[in-house]
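Welcome! Here are some exercises with worked solutions, to be followed with the structure open beside you.

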Amino acid sequence: MSKSIAVETRAARKDYGTGTHTVRALDKVSVSIDQGEFFTLLGPSGCGKTTLLRLIAGFETPTAGQILLDGQDITADPPNLRPINTVFQSYALFPHLSVAENIGFGLQMMGRPKAVVNQAIEKMLALVQLESLASRKPQQLSGGQQQRVALARALAPQPRVLLLDEPLSALDLKLRKEMQRELKRLQAETGITFIFVTHDQEEALTMSDRVAVMQSGKILQVGAPRQIYNHPVDRFVADFIGETNFLSGRVAAGRATLSSGEVLPADVAGHAGEVTFAVRPEQVSVCAADASDCLAAIIVDTVYFGTDTHCHMRLGDGTEIVARLQNAPSGEIGLARGDAVGLRFEPGALQVLAQ
Ligand SMILES: Nc1ncnc2c1ncn2[C@@H]1O[C@H](COP(=O)(O)OP(=O)(O)OP(=O)(O)O)[C@@H](O)[C@H]1O
Ligand SMILES: [Mg+2]
């Protein structure tokens with residue numbers, strides 16, 4: 001069954017300012033987001049995430065390109081005519097209104113009958129589990145509770161699409177984890193398409209159906225979390241999503257070799273010439289120095305992380321490689337600085353990246 005597309009941008013471009021002061025915030029961004037999808041925009045500060053949300057919401061007009069909703073061109077529609085709502089990083093609740101009044105505000109503005117508004121408030125209060133706090137004012141709530149109210153307020157008019165711009169970044173780690181699960185639940189229960197912005201790669205990987213990785217106004221890769229993590233298209237994506245080791249080498253006559261000449265077990269189909277190999281720290285294992293099929297290395301440092309130990313090693317050519325080794329119940333990994341060891345990559349772990 002083919003999925004229907006909720007939001008589509010076609011070669012969307014956004015320039016801020018004029019003349020020599022122009023900033024190209026978005027450059028030919030074309031992306032399709034499916035109906036009911038949890039879609040995440042991930043990228044460093046200034047890469048254009050908020051700008052893309054603002055174009056979809058209608059707060060900004062693209063310099064070129066189109067925005068479509070359910071196949072209709074909405075590029076020229078003002079925000080209030082788009083069935084799209086936004087949750088911002090700062091919850092921006094109305095301080096003089098109660099929790100219930102905040103939630104009902106949007107529907108009231110739309111002129112819905114009081115009974116309909118009240119019914120929606122009840123439903124939303126239950127959805128975000130704040131029934132007992134309905135009459136409180138925002139300043140009488142914790143950060144997480146305020147964020148729940150902001151979510152309920154945005155969901156109450158039943159938008160087709162909910163845009164969430166770093167909605168969890170003001171929360172401490174524990175509450176943030178709780179709210180991540182809460183958001184996933186809300187999305188599953190309402191079936192609304194969520195477009196979520198974060199610069200936290202772990203948040204993107206754990207929450208999303210698909211992730212778009214952005215850099216300098218462009219989308220570099222769109223894919224399911226596993227696909228992006230295991231098959232990054234380039235060095236930027238590999239580096240941005242989790243920790244990665246990079247090794248310089250080349251591919252010739254169907255063989256992958258390091259600059260130092262040692263052969264690597266990489267699938268090199270479709271590659272030739274100078275390349276970069278990428279491998280995740282959890283896909284590197286340490287073996288005895290004289291074991292077969294391994295690269296000789298010296299341990300530079302070991303760092304204890306509780307669940308695992310990060311073992312920093314140096315290859316003959318000076319390249320540093322980190323292996324993430326699961327700790328034994330004793331907490332010891334039996335390796336120390338200066339030890340000569342061998343290192344090995346799990347089958348299929350080496351990715352070949354164009355340089
Ligand atoms: N109103 C504006 N006028 C001029 N330049 C702007 C304006 N808004 C954003 N920019 C620039 O456009 C680029 C993209 O900004 P945007 O806010 O979309 O980034 P972002 O990915 O959301 O970053 P962050 O993670 O810091 O929120 C940046 O270089 C920014 O300085
Ligand atoms: Mg932003």
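**Exercise 1. Find how far an oxygen atom of ligand 1 is from an N or O atom in the side chain of Lys49, then explore the surroundings of ligand 1.**

Step 1. Look at the side chain of Lys49: one of its N or O atoms is 2.8 Å from an oxygen atom of ligand 1.

Before going on, a word on the model: it is predicted, local features need pLDDT of at least 70, side-chain atom pairs count only at pLDDT 80 or more, and totals for chains, interfaces and linings use all residues. Residues are numbered from 1 along each chain as its sequence is written, chains are lettered from A and ligands numbered from 1 in the order in which they are written, and side-chain values use heavy atoms, with hydrogens and water left out.

Step 2. Move along to Thr50, where a polar side-chain atom lies 2.8 Å from an oxygen atom of ligand 1. For the side chain of Thr51, the distance from an N or O atom to a ligand oxygen is 2.5 Å.

Step 3. Taken alone, ligand 1 exposes 640 Å², and the protein buries 58% of that (accessible areas come from the Shrake-Rupley method with a 1.4 Å probe; for residues, only the protein chains shown count as cover).

Step 4. Now take in the whole shell: 13 residues surround ligand 1, and Ser45, Gly46, Lys49, Thr50 and Thr51 are the closest (a residue is near a molecule or strand if one of its heavy atoms lies within 4 Å of it). Five of the shell residues are nonpolar, six polar and two charged. Here Ala, Val, Leu, Ile, Met, Phe, Trp, Tyr, Cys and Pro count as nonpolar, Asp, Glu, Lys and Arg as charged, and the others, Gly among them, as polar.

Step 5. Both β2 (23-34) and α1 (49-57) supply at least two residues of the shell, and α1 gives the most, with three. Helices (H or I, at least four residues) and strands (E, at least two) are DSSP runs, numbered from the N terminus.

**Exercise 2. Work out the strand order in the open sheet of four strands.**

Step 1. The order is β2-β1-β4-β5, with antiparallel pairing (two strands pair if DSSP finds at least two bridges between them). β2 and β5 (72-73) are at the edges with a single partner strand each, so one side of each has no neighbour in the sheet.

Step 2. Helix α1 packs on this sheet and touches β1, β2 and β4, its direction making about 120° with that of β1. Contact means heavy atoms within 4.5 Å; axes are lines fitted to C-alpha atoms, for helices over the stretch in contact, and angles run from 0 to 180 degrees between N-to-C directions.

Step 3. Five bridges join β1 (residues 5-16) to β4 (residues 64-69). Glu8 has Leu68 as its bridge partner, and Val7 stands opposite Leu69.

Step 4. Finish at the hairpin of β4 and β5, which has two residues between the strands; Asp70 in the turn has a positive phi of about 50°.

**Exercise 3. Which strands stand at the edges of the open sheet of six strands?**

Step 1. Write down the order, β6-β7-β8-β3-β9-β10, with mixed pairing.

Step 2. The edges are β6 (84-87) and β10 (218-223), each with a single partner strand, so one side of each is left without a neighbour in the sheet.

Step 3. Inside the sheet, β3 (residues 38-42) and β9 (residues 210-215) run parallel and share four bridges. Thr40 is partnered by Val211 in β9.

**Exercise 4. What does Tyr229 touch, not counting residues up to four places away in sequence?**

Step 1. Locate Tyr229 in helix α7 (residues 225-230).

Step 2. Tyr229 touches Leu205, Ile241, Gly242, Arg280 and Glu282.

Step 3. With the side chain of Glu282, the side chain of Tyr229 makes a polar contact of 2.5 Å.

Terms used
Polar contact = N/O pair within 3.5 Å; in protein donor to acceptor, adjacent residues only side chain to side chain.
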